[in-house]
Amino acid sequence: FIACYRRDGILSIMDSSFKNLLLDFDTKSLSRPIEIAWCGEDAICLQWRNTGIVMVGPFGDWLNFPYDEAVHLVSEPDCCRIITSRGCQILQRVPNSTVGIRSL
């Protein structure tokens with residue numbers, strides 16, 4: 001998959017052939033994110049000043065994680081590491097197997 005951030009504030013996710021658009025997510029921001037990183041294989045993390053980190057899931061669901069300090073995002077196969085001056089945190093989408101357990 002390929003993630004592209006457009007000038008109009010839309011995050012577009014496409015397959016590697018650029019033929020199939022999988023998701024258009026309106027960030028409602030015209031400022032460019034400081035960093036974009038994959039979070040596992042199907043979620044994206046975007047970082048803005050004064051907003052923190054926004055994690056966008058494969059179906060357009062999103063969560064905001066405010067940070068009032070400088071952070072660095074590192075993509076991992078199953079998560080995204082958030083490195084700050086105070087330490088390292090792991091951000092991970094809830095696995096489908098865990099979601100399935102909650103539905104029993």
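So, Cys88: its sulfur sits 8.2 Å from the closest cysteine sulfur, the one in Cys79, and that's too far for a bond. By bond I mean a disulfide, which here is a pair of cysteine sulfur atoms within 2.5 Å. Cys88 comes out partly exposed, at 45% relative accessibility. Quick note on those words: buried is under 20% relative accessible area, exposed is over 50%, and partly exposed is in between, with a 1.4 Å probe and protein chains only.

Before I go on, this is a predicted model, where local features need pLDDT of at least 70, side-chain atom pairs count only at pLDDT 80 or more, and totals for chains, interfaces and linings use all residues. Residues are numbered from 1 along each chain as its sequence is written, and side-chain values use heavy atoms, with hydrogens and water left out.

Okay, back to the cysteines. How many disulfides does the rule give? The count is 0. Take Cys45: it's in no disulfide, and the nearest cysteine sulfur, that of Cys80, is 4.2 Å away. Cys45 is also buried, with a relative accessible area of 0%.

Now, charges. Side chains of opposite charge can pair when their charged atoms come close. I'm calling it a salt bridge when a side-chain nitrogen of Lys or Arg is within 4 Å of a carboxyl oxygen of Asp or Glu. That rule gives 5 salt bridges.

Let's start with Asp26 and Lys28, whose side chains meet at 3.9 Å, N to O. In that pair, Asp26 is partly exposed at 37% relative accessible area, while Lys28 is exposed at 72%.

Next up, Glu69 and Arg86, another salt bridge, at 2.6 Å from N to O. Where do these two residues sit? Glu69 is in the loop between β7 (62-65) and β8 (72-75), and Arg86 is in the loop between β9 (80-84) and β10 (87-91), so this pair ties together parts that are 17 residues apart in sequence. Those strands, by the way, are DSSP runs of E, at least two residues, numbered from the N terminus. Arg86 itself is exposed, at 70% relative accessibility.

Then there's Arg81 with Glu76, a salt bridge whose closest N and O atoms are 3.1 Å apart.

Terms used. Helix = DSSP H or I, 4+ residues; strand = E, 2+ residues; numbered from the N terminus.
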